Amino acid sequence: MAKIELIMPKMGESIMEATILNWVKKVGEQVEMDETILEIATDKVDSEIPSPVDGTIAEILYQKDAVVEVGTVIAIIETEGEETQPKPTPSVVESPISDAPGGQEEEEIEIPQEEVPFTPQPSKQSSVPATSGDKFYSPLVRNIAKTEGISLEELERIDGSGAGGRVTKSDMLDYLDRRSVPVKKQFESHSAQKEVSEKEHYAPPAQKSVRSDSGDEIIEMDRMRRLIADHMVMSKRTSAHVTSFVEADVTDIVAWRNKHKDSFHRKYNQKLTFTPLFIEAIVKAISDFPMINISVDGDKIIKKKDVNIGMATALPSGNLIVPVIRNADLLNLAGLTTKVNDLASRARNNSLKPEEISGGTFTLTNVGTFGNVMGTPIINQPQVAVLATGAIRKKPAVIETEFGDLIAVRSLMFLSLSYDHRVVDGFLGGSFLKRIADYLESFDTDRTI
């Protein structure tokens, strides 16, 4: 009998570990090639890992809920014949998009300090090594350490709750909540820090436990809800959020869609919603204001070459996921509609690939789906802006004509843009938002499908 090592596959860009959710096969059970052996999860998506060979599960090396590094042997499969190397799982191996020639390129731009309404922390380190001694730090942990000005010496003092004592994102967020700021000597030893006076040393109070009364129902957050909660808090801590609003007259778009949605479905076999029409206006506005399509790395701006639009999608569980339409500026309306419908459908069926929910450069969330007229969305890091579209409602409005001002019933909606005020000022954010509204209001009603 040959023994084959089942290896934790690489799940996508910057993903260095995964959590084992469930072993579908047990020790001693037969398994066929491409049959699911276990289910795993990263901070991006859940995936099923199939068997690379026919055989029998001889040994399981990591149990449920274990956090395992990419490339680690997680099980042994016994097979007939000579030992061979396991095949990578096609559905979860790293996407070639970011590594292949012609993939997304980024342009680094120094931020002019006099134009940026924030001052980088002087304690920031240029980088944190991936390993130190026997400890391994994931890219996410290193990025948090860099952003928050945590040195390697300080990072090594953080107790990790992950496998083998590894420091996780939750450990970092818990530490930042307890971390003392400001202090004169940030990286003193534990004994020296105790001597700092209260005037020099302020630690935010720990969150108080909430009392539950008789009859209250206690509901544990599921894994995805915990990840969403961490991501939202991290975003508010990272970016200086500002939200601007405009009201757009979308009467012509509503009329055009009502007129053509049936013929559009017959021609493309796709349901025409408002989402691809909104995305179309967004990518045009990004072309006019490319400094919205950026990310921040310390005191540098990363200007993105590709326009990858994330679309927030509500799941049946009540959670939220953001699949990404890559190179949205290169797609026509039919292409955008097809991508929107496909990603939304597979998101609700939990069949998205890891690379399909990463790499976004701008996000759209449609709060109008729930009957809301406007919202103040939280930026999806590491992006710098997110647009919320409100419900379309018929209202009386003043319109200007060559015969004078008239009051008419129009279809109106609010657009709200949250943006990172560290790098996007009011002029840029407000102008970009107004340009989206302009494109929606000037929609060509004579357009053919």
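In which helix does T251 lie? T251 belongs to helix 6, which covers residues 251–268, where helices (H or I, at least four residues) and strands (E, at least two) are DSSP runs numbered from the N terminus.

## Basis of the description

This is a predicted model, in which local features need pLDDT of at least 70 and side-chain atom pairs count only at pLDDT 80 or more, while totals for chains, interfaces and linings use all residues. Residues are numbered from 1 along each chain as its sequence is written, and side-chain values use heavy atoms, with hydrogens and water left out.

## T251 and its surroundings

T251 is buried, with a relative accessible area of 17%; buried means under 20% relative accessible area, exposed means over 50%, and partly exposed lies in between (1.4 Å probe, protein chains only). Its side chain makes a polar contact with the side chain of D249 at 2.6 Å, a polar contact being a pair of N or O atoms within 3.5 Å, of which, within protein, one must be able to donate a hydrogen and the other to accept it, and residues adjacent in sequence count only if both atoms are side-chain atoms. When residues up to four places away in sequence are not counted, T251 touches R410 and S411, with contact taken as heavy atoms within 4.5 Å.

The side chain of D249 also meets that of R410 in a salt bridge (2.8 Å, N to O), defined as a side-chain nitrogen of Lys or Arg within 4 Å of a carboxyl oxygen of Asp or Glu. Because R410 lies in strand 22 (residues 404–420) and D249 in strand 12 (residues 241–249), the pair ties together parts that are 161 residues apart in sequence. D249 counts as buried at 16% relative accessibility, whereas R410 is partly exposed, with a relative accessible area of 21%.

## Other salt bridges

The structure holds ten salt bridges. In one of them, the side chains of R435 and D288 meet at 3.1 Å, N to O, and this pair links distant parts of the chain, with R435 in helix 9 (residues 426–441) and D288 in helix 7, 147 residues apart. R435 counts as partly exposed at 30% relative accessibility, and D288 is partly exposed with a relative accessible area of 33%.

The side chains of R346 and E356 also meet in a salt bridge (2.7 Å, N to O). R346 lies in helix 8 (residues 333–348) and E356 in the loop between helix 8 and strand 19 (362–366), so the pair ties together parts that are ten residues apart in sequence. R346 is buried, with a relative accessible area of 19%, and E356 counts as buried at 15%. Together with D342, these residues R346 and E356 are linked in a network of salt bridges.

Helix 7 has 14 residues (275–288), which at 1.5 Å a residue should span 20 Å, and its end C-alpha atoms are 20 Å apart, which agrees; the expected span is 1.5 Å times one less than the number of residues. Eleven of the 14 residues of helix 7 are buried, so the helix is largely enclosed by the rest of the structure. Among these buried residues are L277, F278, I279 and I282.

The largest nonpolar core has 57 residues, and those with the most contacts inside it are I279, I309, F362, L387, L415, F432 and I436; such a core is a set of buried Ala, Val, Leu, Ile, Met, Phe, Trp, Tyr and Cys residues joined through side-chain atoms within 4.5 Å. The largest share of this core, eight residues, comes from helix 7. Apart from it lies another core, of 19 residues, among them L6, I49, I57 and A66.

Strand 20 (residues 385–389) is mostly covered, with five of its five residues buried. In a regular strand the side chains alternate between the two faces of the sheet. In strand 20, A385, L387 and T389 point one way and V386 and A388 the other way.

Strand 20 pairs with strand 19 in the parallel sense over four bridges, where two strands pair if DSSP finds at least two bridges between them. T363 stands opposite V386 in strand 20. Five bridges join strand 20 to strand 22, and these two run antiparallel, with T389 opposite L415 in strand 22.
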